[in-house]
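Welcome! Take a moment to look over the sequence and the model, and then let us walk through them together.

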Amino acid sequence: MQLKLFKGDYVVYNLENNLNSPIFVDTKSFYYITKIEEELSLICLDEDIPKEVDGDEEWKLLKILEPLNLYLVGFLSKIEKVLKDLSINIFEISTLDSDYIMVKNKDLEYVCKTLRSRGYEIV
């Protein structure tokens, strides 16, 4: 299985829930917005955000490069198990066609080395 490592550092933000849309995001890059009654969360490149906005910084983004759909089972859980056994915290993002994981910058080298040793390819 292949995973694509995205360039750049990503940040997870919890924004004011009354914002209609975070208009400062570069929509040509990966970004992910979730809005529910209690919160508005945004994941995007660190460089896209005004410096006065606080967030959980220094995340790297990896995409599972397998043809996925909502009915396939187990792709993400295999990676989760490997990283859980290493006590590595991950942030998961799923869309209709793709699954992503985010790991902290400080863990990236260890994560990539471990996944490669288990047969995963990081591109």
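## Contacts along the chain

Among the contacts in the protein chain with a separation of 6 or more, 69% are between residues 24 or more positions apart. Please keep in mind as you read that this is a predicted model.

## Overall layout

The protein chain has eight strands and two helices.

The protein chain has 123 residues, and 38% of them count as buried. Its accessible surface comes to about 7,800 Å², with 49% belonging to carbon and sulfur atoms.

In soluble globular proteins, nonpolar side chains tend to be buried together. Here, the largest nonpolar core has 17 residues, and those with the most contacts inside it are Leu3, Ile79, Leu83, Ile101, Val103 and Leu115. At least two residues of this core come from each of strand S5 (56-64), helix H1 (75-85), strand S7 (99-104) and helix H2 (105-117).

What is Leu115 in contact with, leaving aside its neighbours within four places in sequence? The residues are Ile79, Val82, Tyr120 and Ile122. There is also a second, separate core of 11 residues, which includes Tyr10, Val12, Phe30 and Leu61.

## Aromatic rings

The structure holds five aromatic pairs. One of them is formed by Phe6 and Tyr100, a tilted pair with 6.2 Å centre to centre and 55 degrees between the planes. This pair links distant parts of the chain: Phe6 lies in the loop between strand S1 (2-5) and strand S2 (10-15), while Tyr100 is in strand S7, 94 residues apart. Phe6 and Tyr100 are both buried.

Why is the pair of Trp59 and Phe91 edge-to-face? The ring centres of Trp59 and Phe91 are 6.1 Å apart and their planes are at 70 degrees, and planes over 60 degrees apart count as edge-to-face. This pair, too, links distant parts of the chain, with Trp59 in strand S5 and Phe91 in strand S6 (residues 90-94), 32 residues apart. Trp59 is buried, with a relative accessible area of 3%, whereas Phe91 is partly exposed, with a relative accessible area of 29%.

## Around Phe6

Together with Tyr10, Phe30 and Tyr100, Phe6 forms one aromatic cluster. The charged end of Lys4 sits over the ring of Phe6, 4.5 Å from the ring's centre.

Conventions. Residues are numbered from 1 along each chain as its sequence is written. This is a predicted model: local features need pLDDT of at least 70, side-chain atom pairs count only at pLDDT 80 or more; totals for chains, interfaces and linings use all residues. Side-chain values use heavy atoms; hydrogens and water are left out. A nonpolar core is a set of buried Ala, Val, Leu, Ile, Met, Phe, Trp, Tyr and Cys residues joined through side-chain atoms within 4.5 Å. Buried means under 20% relative accessible area, exposed over 50%, partly exposed in between (1.4 Å probe, protein chains only). Helices (H or I, at least four residues) and strands (E, at least two) are DSSP runs, numbered from the N terminus. Contact means heavy atoms within 4.5 Å. Accessible areas come from the Shrake-Rupley method with a 1.4 Å probe; for residues, only the protein chains shown count as cover. Rings of Phe, Tyr and Trp (its six-membered ring) pair if their centres lie within 6.5 Å; planes under 30 degrees apart count as stacked, over 60 as edge-to-face and the rest as tilted. A charge sits over a ring if NZ of Lys or CZ of Arg is within 6 Å of the ring centre and within 35 degrees of the ring normal.
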